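Here are a few notes to read alongside the model. Have the structure open while you go through them.

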Amino acid sequence: MKIPNFADIRAAKARISSFVNVTPLLTNNTINNISGAEIHFKCENFQKVGAFKFRGACNAVFSLTEDEACKGVATHSSGNHAQALALAAKMRGIPATIVMPDNSPQVKKDAVAGYGAEIVFCDPTLEARESTLEKVIEDKGHTFIHPYDNYKVICGQGTATLEIMESAHDFDCIIAPVGGGGLLSGTALAAKSIKPGIKVYAAEPEGADDAFRSFAAGKIIPSINPNTICDGLLTSLGQLNFEIIRQYVDEIFTVSDEEIKAAMRLVWERMKIIIEPSSAVPLAIVLKNKELFAEKKIAMIISGGNVDLGKLVF
């Protein structure tokens, strides 16, 4: 299994630089005082489509040959990758079909439709997503762009950390949330390539802790009936993602939904920015493990800000 290298991430940055936002790295004195650490938040909630997912989708779409691109693209996603692929396809002028669970947040359904993609709804199970997508690809001949278990997607996600490390090299650790592992694997590759001694940590909800259990077992343990408010972290780890995580990630931590809600609310109230529950998991693990992170300089990726404002979790 070929693993991306740092040159691939640099190439992705060059490929997508004219399409993506260079997102800010923000800090907050109150949160630093509460946590006992110096935290710098990479605000991918300010990325196009409101999430880091646009980086990976954009790199994948603009890496396609002309012959591949004209056939269109398809994927399955609960929301952020769906929006990202829809917009990337629109920017390249090619068709996109998105398989979405019928319980996806309405704000994400509306966004995908707004970017001009065709939506095919399915039951909210991985089996239903995959079988529905298989039929779409068979019928339309689209190229499948996997939400996370995709070489080009991983490289695109790694560009967020490349931006972080280009702004400062003196971070003690970097923390990213983990669902399927696209962001985490790209983060780990970029961070360790630039600074081999940096610690790379993953943050995961207790109710969807397959990455935590897989990391401990040394093999993928699929996510079965996950139960968490973090709708972006419900999927099982991808094979390529897991290989990278095993090699480059130092530790995976878990937190409860109540701890995630508290961290999310703290960011909303103190930083005055909108983040989604999945984005709050990294801060929640720092607040839960203050002794470990005391006086550390931390880079933390806020993965997205797509929230249904009519259904807030707090």
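1. Is L312 buried, partly exposed or exposed? L312 comes out as partly exposed, because its relative accessibility is 35%. Keep in mind that this is a predicted model.

2. Now for the surroundings of that residue. L312 sits in the segment after β10, and together with I274, L309 and F314 it makes a nonpolar surface patch of about 340 Å².

3. On the inside, the largest nonpolar core has 33 residues. The members that touch the most other members are I39, F41, I175, L283, F293 and I298. Elements giving two or more residues to this core include the strands β2 (38-43), β7 (173-177) and β10 (297-302), as well as the helix α13 (277-288). The biggest giver is α12, with seven residues. As background, nonpolar side chains in soluble globular proteins tend to be buried together.

4. There is a charged spot to look at too: E127, E130, E134 and E138 form a negative surface patch. E130 belongs to helix α7 (residues 126-140). With 41% relative accessibility, E130 counts as partly exposed.

5. Two backbone angles deserve a look. Most residues other than glycine have a negative phi. N225, however, has a positive phi, near 50°, and K272 has a positive one near 60°.

6. Where are those two? N225 is in the loop between α10 (210-217) and α11 (239-248), and it counts as exposed because its relative accessibility is 70%. K272 is in the loop between α12 and α13; at 65% relative accessibility, K272 is exposed as well.

Conventions: Residues are numbered from 1 along each chain as its sequence is written. This is a predicted model: local features need pLDDT of at least 70, side-chain atom pairs count only at pLDDT 80 or more; totals for chains, interfaces and linings use all residues. Side-chain values use heavy atoms; hydrogens and water are left out. Patches are made of residues with over 30% relative accessible area and no salt bridge: like charges are joined within 9 Å, nonpolar side chains (Val, Leu, Ile, Met, Phe, Trp, Tyr) within 5 Å. Accessible areas come from the Shrake-Rupley method with a 1.4 Å probe; for residues, only the protein chains shown count as cover. A salt bridge is a side-chain nitrogen of Lys or Arg within 4 Å of a carboxyl oxygen of Asp or Glu. Lys and Arg count as positive and Asp and Glu as negative; His and the chain ends are not counted. The place of a charge is taken as NZ of Lys, CZ of Arg, CG of Asp or CD of Glu. Helices (H or I, at least four residues) and strands (E, at least two) are DSSP runs, numbered from the N terminus. Buried means under 20% relative accessible area, exposed over 50%, partly exposed in between (1.4 Å probe, protein chains only). A nonpolar core is a set of buried Ala, Val, Leu, Ile, Met, Phe, Trp, Tyr and Cys residues joined through side-chain atoms within 4.5 Å.
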